[in-house]
Amino acid sequence: MSRDTGRAEPARRSSWSQAGPQRSVPGMDMLLGRVARGDEAAFERLYEEVAATIYGLVRRVVRDPAQSEEVTQEVLVEVWRMASRFDPARGSAMAWIMTLAHRRAVDRVRSAQVASSSEQRSAHRSAEIPHDEVSAQVEDRMERERVRRCLGGLTELQRESVTLAYYGGHSHRQVANLLSVPLGTVKTRMRDGLIRLRDCLGVER
Amino acid sequence: MREDLHTFAGAYVLDALSDDDRWLFEGHLAQCQACAQEVRGMRETTVRLATAVAEPPPPGLKAAVLTRIGEVRQVAPKRSADMVRTRSRWMIWMRLRPRFVAGLATGLAAACLALAVVEGLAMDRAQRRLDQAEAANQAVAAVISAPDARTVTGTVTKSGTASVVVSRSRGQIVFASTGLLGLPPSQTYELWLMGPGRSVRPAGLLRPDGTGHMAPAIAGELRGAERVGLTIEPAAGSAQPTTAPIVVLRL
């Protein structure tokens, strides 16, 4: 009995170590394939898998809850509409969906940008991952910790460049202004930062 | 400032590039395997950044979305990879030469009208315009997607940004700009290739559209040029610059 439990433990842990978003990656590709064929039940399951991630990201970029909900809905409907255009050879289903989501969120803030200085100040706040305001339901503490640790491993300029653009929805020009560094520097820091993050997180290429 | 197109990858994945830089990079991406690979890895990385900020969506969202998809028609499945490539090249062209496309459409419409009267002649002309547009598109695409393509960007005096994409292997450069001031009909922007030494060669007349945008165009053969300059000249253009350059980009 106790030997069985002993064996089960490490096995569970090793599946944990590949946990987080990758947990459902092969399943997600298949789900999206079924969605492309008009399977509404598959879409409902896909909703359960991705809605929290989409909403969380959109909320970080757009901030306003009502607008974030609107954008999240647009993204999900777009996923339904465009599912047949997903090409597994060019990346995972999750990457395809989140690319759509980020673009939509960024389009929303850029088109509505009043660029008031108070908004610019809040940008710095938005670059941080919130410790609270996340329900246990979607919390994956290990994954969250790992991302936080890897972000912490970047140089400050790399981290700020990546997070101001990704979570803050700022263009590289705005990021350059916020950080008072030349445009070219911001571009290379974004690239270096993402590469370092990728390696730290052990993202499959 | 001198940059390599490859360095755009991060900003591209983070949706932080300007529209112009984005199409430049997408043109490059279509030809650069290593870049496509890098972009793939970066996209998976941003998924992790997104998962780390997941939060439960509002309770009403699910029902709203499920209702909505019942009303939205899905797009047809994708065609072969060949078609995709054609389409993306077409897309690049659409971005590169919006006004040319409009002109082409007018040309084709005119050709169709004339068809009933002088079929052969009109078709011939439309075809020639199509060929010219295609050739211009391919020349620009070839430069911006060359493996050694690099971009130099500079600020234009008073207003705007100018970029050139240089490919030494092809011996050509492409010039693009945004935000330039409109000019009265009596004036034009003229591009110059400067060097080697003190030689200055005219490299074409340019006219921005209403929004100050100028479609990227081949700005001629490199032939030892060291810098690219832009001046404001009389509408007919000049053989040598008559005003001080409003931007000089070092190649």
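Between which two helices of chain A does the loop with Arg63(A) lie? The legends below start there. This is a predicted model, in which local features need pLDDT of at least 70 and side-chain atom pairs count only at pLDDT 80 or more, while totals for chains, interfaces and linings use all residues. Residues are numbered from 1 along each chain as its sequence is written, chains are lettered from A and ligands numbered from 1 in the order in which they are written, and side-chain values use heavy atoms, with hydrogens and water left out.

**View 1. Arg63(A) sits in the loop between α3 (40–62) and α4 (65–82) of chain A.** Helices (H or I, at least four residues) and strands (E, at least two) are DSSP runs, numbered from the N terminus. Phi of Arg63(A) is near 75°, a positive value in a residue other than glycine. With a relative accessible area of 35%, Arg63(A) is partly exposed; buried means under 20%, exposed over 50%, and partly exposed in between (1.4 Å probe, protein chains only).

**View 2. Helices α9 (residues 172–179) and α10 (residues 183–201) of chain A pack against each other at about 105°.** Their axes are 9 Å apart; axes are lines fitted to C-alpha atoms, for helices over the stretch in contact, and angles run from 0 to 180 degrees between N-to-C directions. α9(A) and α10(A) are therefore roughly perpendicular (65 to 115 degrees; under 35 counts as roughly parallel, over 145 as roughly antiparallel, and the rest as oblique). On the α9(A) side, look for His172(A), Arg173(A), Val175(A) and Ala176(A), which meet Leu183(A), Val186(A), Lys187(A) and Met190(A) of α10(A); contact means heavy atoms within 4.5 Å. By class, this contact has five nonpolar, one polar and two charged residues. Here Ala, Val, Leu, Ile, Met, Phe, Trp, Tyr, Cys and Pro count as nonpolar, Asp, Glu, Lys and Arg as charged, and the others, Gly among them, as polar.

**View 3. A disulfide links Cys150(A) and Cys200(A), with their sulfur atoms 2.0 Å apart.** A disulfide is taken as a pair of cysteine sulfur atoms within 2.5 Å, and a search of the whole structure finds two over all chains. Cys150(A) belongs to helix α7 (residues 141–152) and Cys200(A) to helix α10 of chain A, so the pair ties together parts 50 residues apart in sequence. The link is left-handed, with -75° about the S-S bond. Cys150(A) is buried at 2% relative accessibility, whereas Cys200(A) is partly exposed at 34%.

**View 4. Helices α2 (residues 19–29) and α3 (residues 33–51) of chain B pack at an angle of about 115°.** The axes of this pair are 8 Å apart. Phe25(B), His28(B) and Leu29(B) of α2(B) touch Cys35(B), Ala36(B) and Val39(B) of α3(B). These residues divide into five nonpolar, one polar and no charged. Cys35(B) is also joined to Cys32(B) by a disulfide (S to S 2.3 Å). The torsion about that S-S bond is about 70°, so the disulfide is right-handed. Both Cys32(B) and Cys35(B) are buried.

View 5. Although not a glycine, Arg223(B) has a positive phi of about 30°, and at 58% relative accessibility Arg223(B) counts as exposed.
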